[in-house]
Amino acid sequence: MTPRHAAFPVFFSWGSRHLGNPVILQVQHVRLPGPNMATLTMAPVSLKPFSEKNMFGGSYRNYDSSTRQDKVEKTYADMHTKQTVAFVKSMHEKWMKFDKGEYTIMEAIQMLDDLVDDSDPDVDIPNSIHDFQTAERIREQWPGEEYDWFHLVGLLHDMGKVMALPKIAGDDILEQWAVVGDTFPVGCAPAEEAVVFPKSFKGNPDYHHPVYGTKFGMYLPECGISNLLMSWGHDEYMYQMLKFNGCTLPECGLNMIRFHSFYPWHDKRAYTQFECQKDAETLKWVKEFNKFDLYSKGDALPDVEALKPYYVSLL
């Protein structure tokens with residue numbers, strides 16, 4: 001059986017296991033055109049309603065009194081005080097060498113069996129399970145081979161969290177505040193009305209910076225969301241990893257991965273001073289993805305082993 005996405009690299013290059021040098025896999029690929037949300041119609045499927053409650057029986061994204069409040073609040077406090085322009089640039093320099101080894105997608109996802117996201121008030125299950133929850137919800141509403149790229153986005157979107165795991169990260173392992181949670185642009189003032197735990201930003205050295213502490217900061221108006229330097233985490237790392245490997249996901253799919261944690265923008269509509277014309281289409285796709293990412297957390301746990309053959313066939 002020929003994989004539907006034969007051009008999609010089976011291996012992700014964190015570099016060569018043997019040489020320790022960055023490796024780009026020589027894969028023939030064709031960039032797929034990005035679909036336009038306005039021209040697409042969803043198949044008439046009967047979508048099982050999302051659960052109104054998270055796995056703990058509470059409301060989604062409760063950052064005031066969740067079951068995991070102390071752990072979540074501590075993760076964001078560290079994130080908001082330590083994610084500076086200098087820190088993010090240092091992470092780009094370190095992690096975008098892609099020198100951590102080569103692994104299949106399923107090997108990397110299986111490693112996420114060992115990671116529970118400390119920023120998430122809605123679940124305390126391994127992140128690998130959530131990846132399949134998201135992918136299956138997308139597959140349910142967007143069935144068919146023409147949308148298999150969207151199914152893959154659901155599976156891959158959190159895979160960058162391997163930066164918090166010693167097997168891949170080694171001595172460069174990151175604490176979760178530098179890997180998980182809602183993202184935001186650095187180099188400009190935080191949108192305090194739109195971020196969670198806004199008071200913790202006051203301890204960030206960039207908060208009082210004469211440039212980085214202003215509304216536009218180091219950016220020009222309407223520069224485009226894709227031109228912002230985002231806080232470092234799994235979103236940006238996975239986006240850059242996929243680009244590095246020459247994958248054939250359409251640009252809208254790559255942007256779903258890159259901005260799915262940018263809740264202050266896609267949910268609260270902050271940072272709109274930086275939007276350019278093409279960001280309207282990006283926003284539609286990110287919001288479409290987001291409902292599956294968030295509300296699948298209230299679903300029953302999937303049979304991961306039974307699902308693996310389908311997703312392997314797409315790679």
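Which residues do ring pairs link into a cluster? The cluster consists of Phe50, Tyr60, Trp142, Tyr147, Trp149, Phe150, Trp285, Phe292 and Tyr295, where rings of Phe, Tyr and Trp (its six-membered ring) pair if their centres lie within 6.5 Å.

## Model and confidence

This is a predicted model, in which local features need pLDDT of at least 70 and side-chain atom pairs count only at pLDDT 80 or more, while totals for chains, interfaces and linings use all residues. Residues are numbered from 1 along each chain as its sequence is written, and side-chain values use heavy atoms, with hydrogens and water left out.

The mean pLDDT (the predictor's confidence in each residue, from 0 to 100) is 88 for the protein, and 85% of its residues reach 70 or more. Over residues 5-11 the pLDDT stays under 50, and the model has 32 contacts for them beyond four places in sequence, a contact meaning heavy atoms within 4.5 Å. Residues 15-33 also have pLDDT below 50, and this stretch has 44 contacts in the model beyond near neighbours in sequence.

## Overall architecture

The protein contains eleven helices and two strands, which are DSSP runs numbered from the N terminus (helices: H or I, at least four residues; strands: E, at least two). Their order from the N terminus is β-α-α-β-α-α-α-α-α-α-α-α-α.

Of the 315 residues in the protein, 57% are buried, that is, under 20% relative accessible area, with exposed meaning over 50% and partly exposed in between (1.4 Å probe, protein chains only). The accessible surface comes to about 13700 Å², of which 53% belongs to carbon and sulfur atoms; such areas come from the Shrake-Rupley method with a 1.4 Å probe. Among contacts between residues at least 6 apart in sequence, 79% join residues at least 24 apart.

## Aromatic pairs

The whole structure holds 26 aromatic pairs. One of them joins Tyr63 and Tyr76 in an edge-to-face arrangement, 5.8 Å centre to centre with 85° between the planes; planes under 30 degrees apart count as stacked, over 60 as edge-to-face and the rest as tilted. Because Tyr63 lies in the loop between β1 (11-14) and α1 (69-82) and Tyr76 in helix α1, this pair ties together parts that are 13 residues apart in sequence. Tyr63 is buried at a relative accessible area of 11%, and Tyr76 is buried at 1%.

Phe216 and Phe274 have ring centres 6.0 Å apart and planes at 85°, so this pair is edge-to-face. The pair links distant parts of the chain, 58 residues apart, with Phe216 in the loop between α6 (166-169) and α7 (234-244) and Phe274 in the loop between α9 (263-266) and α10 (279-295). Phe216 is partly exposed, with a relative accessible area of 29%, whereas Phe274 is buried at 0%.

## Charges over rings

The charged end of Arg61 sits over the ring of Tyr263, 3.6 Å from its centre, and that of Lys100 sits over the ring of Trp95, 5.2 Å from its centre. The criterion is that NZ of Lys or CZ of Arg is within 6 Å of the ring centre and within 35 degrees of the ring normal.

In helix α5 (residues 148-156), nine of the nine residues are buried, among them Trp149, Phe150 and His151. The cover over these buried residues includes α3 (105-111), α4 (127-141), α7, α8 (251-259), α10 and α11 (304-312).

Tyr212 is placed in the loop between α6 and α7. Its C-alpha atom is separated by 7.5 Å from that of Val186, 26 residues apart along the chain. Leaving aside neighbours within four places in sequence, Tyr212 is in contact with Val85, Gly187, Cys188, Ala189, Asp206 and Met218.
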